[in-house]
Amino acid sequence: MTAQIIDGKAFAASVREKVAGHVARLVEEHGLTPGLAVVLVGEDPASQVYVRNKGKQTREVGMLSVEHRLPDTTSEGDLLELIEALNNDPMIHGILVQLPLPEHMNSDLVINAIDPAKDVDGFHISNVGLLGTGQKSMVPCTPLGCLMMLREHHGSLSGLNAVVVGRSNIVGKPMAQLLLGDSCTVTIAHSRTRDLAGVCRGADILVAAVGRPKMIPGGWVKTGATVIDVGINRIPKEDGKSRLVGDVDFDSAVKVAGAITPVPGGVGPMTIACLLANTVTACCRANGLPEPE
Ligand code: NDP
């Protein structure tokens with residue numbers, strides 16, 4: 001048996017197309033252009049690539065894209081002032097501060113300075129609380145993308161055993177909340193989990209968000225399970241270049257799983273697509289308009 005490959009790239013393209021349709025209607029019927037501001041502090045090369053891609057895709061769906069690139073010597077006070085200005089800017093509906101921030105900054109303080117209604121990353125403490133209590137919130141983009149792929153593949157997730165490996169605030173914890181919201185029986189595993197292999201083997205849905213290349217072998221995957229690989233790990237190739245791999249050993253897992261996301265081309269493209277969708281949602285909410293489904 002070979003697993004079905006869940007094509008995140010194609011799915012993300014269809015999400016972006018829907019977003020572009022919503023944006024066109026907002027412009028045409030309401031004279032509203034959703035606006036996304038991305039703030040990058042410092043020179044982290046991976047963050048620069050992410051920010052560039054976000055800006056490009058934002059413009060491609062017809063939204064306003066504003067980028068603020070600040071040197072890593074920027075003071076926390078100056079960053080907070082910029083966030084306050086963006087909070088008060090009616091052209092901006094979504095604000096994203098690219099993480100990680102330089103060490104001299106308190107990330108929690110900075111993220112919690114964003115107006116929760118514009119917090120399209122869903123990391124503000126208010127949005128975390130709303131998600132945890134099953135209320136309408138801004139949902140973190142990467143777990144939202146994973147949930148969308150799972151719903152598309154399974155239809156209902158009700159009653160399925162879901163194991164999330166990783167308990168970060170960005171991926172693992174919100175992923176677990178979303179799966180619980182869809183009535184899965186959820187286990188969150190982490191570096192102290194005993195018998196991780198056994199825990200993973202019980203999963204109908206296995207989400208890996210660890211950051212360790214190919215850590216989960218096919219032998220840990222239940223036959224027919226759906227595997228969502230969030231990990232993005234760069235490993236050296238023999239020719240001196242590098243390539244991206246996930247947290248799951250794709251070659252062995254693909255032989256056991258029922259469906260699996262590849263790396264690259266799985267979860268990654270869905271993350272930015274969900275960011276764009278969240279920005280449209282924020283724009284609709286800010287203007288009292290019905291939200292896209
Ligand atoms: P973090 O480093 O914040 O969290 C990693 C989690 O993995 C921690 O909870 C840690 O446990 C757990 N862990 C570490 N080692 C083990 C182990 N040996 N066994 C079991 N659990 C372990 O990472 P993130 O959540 O931010 O990211 C995870 C991965 O997802 C990374 O590869 C990242 O690049 C990728 N990513 C991809 C995105 C995308 O768009 N596709 C977006 C965001 C992240 P403990 O808490 O006990 O230390």
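This is a predicted model: local features need pLDDT of at least 70, side-chain atom pairs count only at pLDDT 80 or more; totals for chains, interfaces and linings use all residues.
Colleague: How far apart are the end C-alpha atoms of helix H2, and what span should its residues give?

Modeller: Helix H2 covers residues 45–60, which is 16 residues. At 1.5 Å a residue, these should span 22 Å.

Colleague: Within what arc do the buried residues of H2 fall, seen down its axis?

Modeller: The buried residues in H2 are Lys54, Gln57 and Thr58. An α-helix has 3.6 residues a turn, so residues three or four places apart point the same way. The buried residues of H2 line one face of the helix, because they fall within an arc of 105 degrees.

Colleague: Which residues of H2 are exposed on the other side?

Modeller: The buried residues of H2 are covered by elements that include helix H1 (8–30), strand E2 (35–41), strand E3 (64–70) and helix H10 (267–286). On the other side of H2, the exposed residues are Pro45, Val49, Lys56 and Arg59.

Colleague: Against which helices do the buried residues of H1 pack?

Modeller: Several residues in H1 are buried, among them Phe11, Val15, Val19, His22 and Leu26. The end C-alpha atoms of H1 are 32 Å apart, in agreement with the 33 Å that its 23 residues should span. The buried residues of H1 pack against helix H6 (141–154) and H10.

Colleague: Is Leu275 buried or exposed?

Modeller: Leu275 is found in helix H10. Its contacts, not counting residues up to four places away in sequence, are Lys54, Leu96, Val120 and Cys141. A residue with 20 or more other C-beta atoms within 10 Å of its own counts as buried. Leu275 has 25 other C-beta atoms within 10 Å, and therefore Leu275 is buried.

Colleague: Which element gives the largest share of the shell around the ligand?

Modeller: Of the 25 residues around the ligand, those that come nearest are Ser168, His190, Ser191, Gly211 and Thr271. The shell divides into ten nonpolar, twelve polar and three charged residues. Its largest share, three residues, comes from H10.

Colleague: What distance separates the centres of domain 1 and domain 2?

Modeller: The domain assignment of the protein chain places domain 1 at 31–116 and domain 2 at 141–268. Taken over C-alpha atoms, the centres of domain 1 and domain 2 are separated by 28 Å.

Notes. Residues are numbered from 1 along each chain as its sequence is written. Helices (H or I, at least four residues) and strands (E, at least two) are DSSP runs, numbered from the N terminus. The expected span of a helix is 1.5 Å times one less than its number of residues. A residue is buried if 20 or more other C-beta atoms lie within 10 Å of its own, exposed if 12 or fewer, and partly exposed in between; C-beta atoms are placed from the backbone. The arc is that of the directions from the helix axis to the C-beta atoms. Two residues are in contact if their C-beta atoms, placed from the backbone, lie within 7 Å. Domain bounds come from an automatic or database domain assignment. A residue is near a molecule or strand if its C-beta atom, placed from the backbone, lies within 6 Å of it. Ala, Val, Leu, Ile, Met, Phe, Trp, Tyr, Cys and Pro count as nonpolar, Asp, Glu, Lys and Arg as charged, and the others, Gly among them, as polar.
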